[in-house]
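I opened a new notebook page for this model. The entries below follow the order in which I looked things up.

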Amino acid sequence: TKEIIENGVNGYLAKDEKEFFSYLNKLNKNPINPKIVNESVCNKFSKEKITLLYESLIKKTAKKTFEIR
């Protein structure tokens, strides 16, 4: 959840019950725009961004593997 939610942008992450109800009241008064939520999540998890992360992971893993040998 922490990877997806940007506190105050596309949702809220409450630390405790008191904070949860505070956020709930805030959302009831001023709901988050669904388009903003969609854009936030799509930007964070676009296929281009995910592909670059996988490529980086594979390169780091391969480099470590060859360094060990």
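In which helix is Phe21 found? I placed Phe21 in helix 1, which covers residues 17-29. I kept in mind that this is a predicted model.

Next I checked the exposure of Phe21. Its relative accessible area is 42%, so I logged Phe21 as partly exposed. I then looked for a surface patch and found a nonpolar one of about 270 Å², made by Phe20, Phe21 and Leu24.

I moved on to Asn10, which is found in the segment before helix 1. Is Asn10 buried or exposed? I read a relative accessibility of 7% for Asn10. Buried means under 20%, so Asn10 counts as buried.

I went through the polar partners of the Asn10 side chain. It reaches the backbone nitrogen of Glu6 at 2.6 Å. The Asn10 side chain also makes a polar contact with the side chain of Ser40, at 3.1 Å.

Which residues does Asn10 touch, not counting those up to four places away in sequence? I listed Ile4, Ile5, Ile32, Val37, Ser40 and Val41.

Last I looked at Ile36, which lies in helix 2, residues 34-44. I noted a relative accessible area of 41% for Ile36, so this residue is partly exposed. Between Ile36 and Asn10 I found 26 residues of sequence separation and a C-alpha to C-alpha distance of 6.6 Å.

Note on methods
Residues numbered from 1 in each chain as written. Predicted model: local features only at pLDDT ≥ 70, side-chain atom pairs only at ≥ 80, totals over all residues. Heavy atoms only, no water. Patch = residues over 30% accessible without salt bridge, like charges linked within 9 Å, V, L, I, M, F, W, Y side chains within 5 Å. Areas by Shrake-Rupley, 256 points an atom, 1.4 Å probe, with all protein chains shown as cover. Salt bridge = Lys/Arg side-chain N within 4 Å of Asp/Glu carboxyl O. Helix = DSSP H or I, 4+ residues; strand = E, 2+ residues; numbered from the N terminus. Buried < 20%, exposed > 50% of the residue type's maximum accessible area, 1.4 Å probe, protein only. Polar contact = N/O pair within 3.5 Å; in protein donor to acceptor, adjacent residues only side chain to side chain. Contact = heavy atoms within 4.5 Å.
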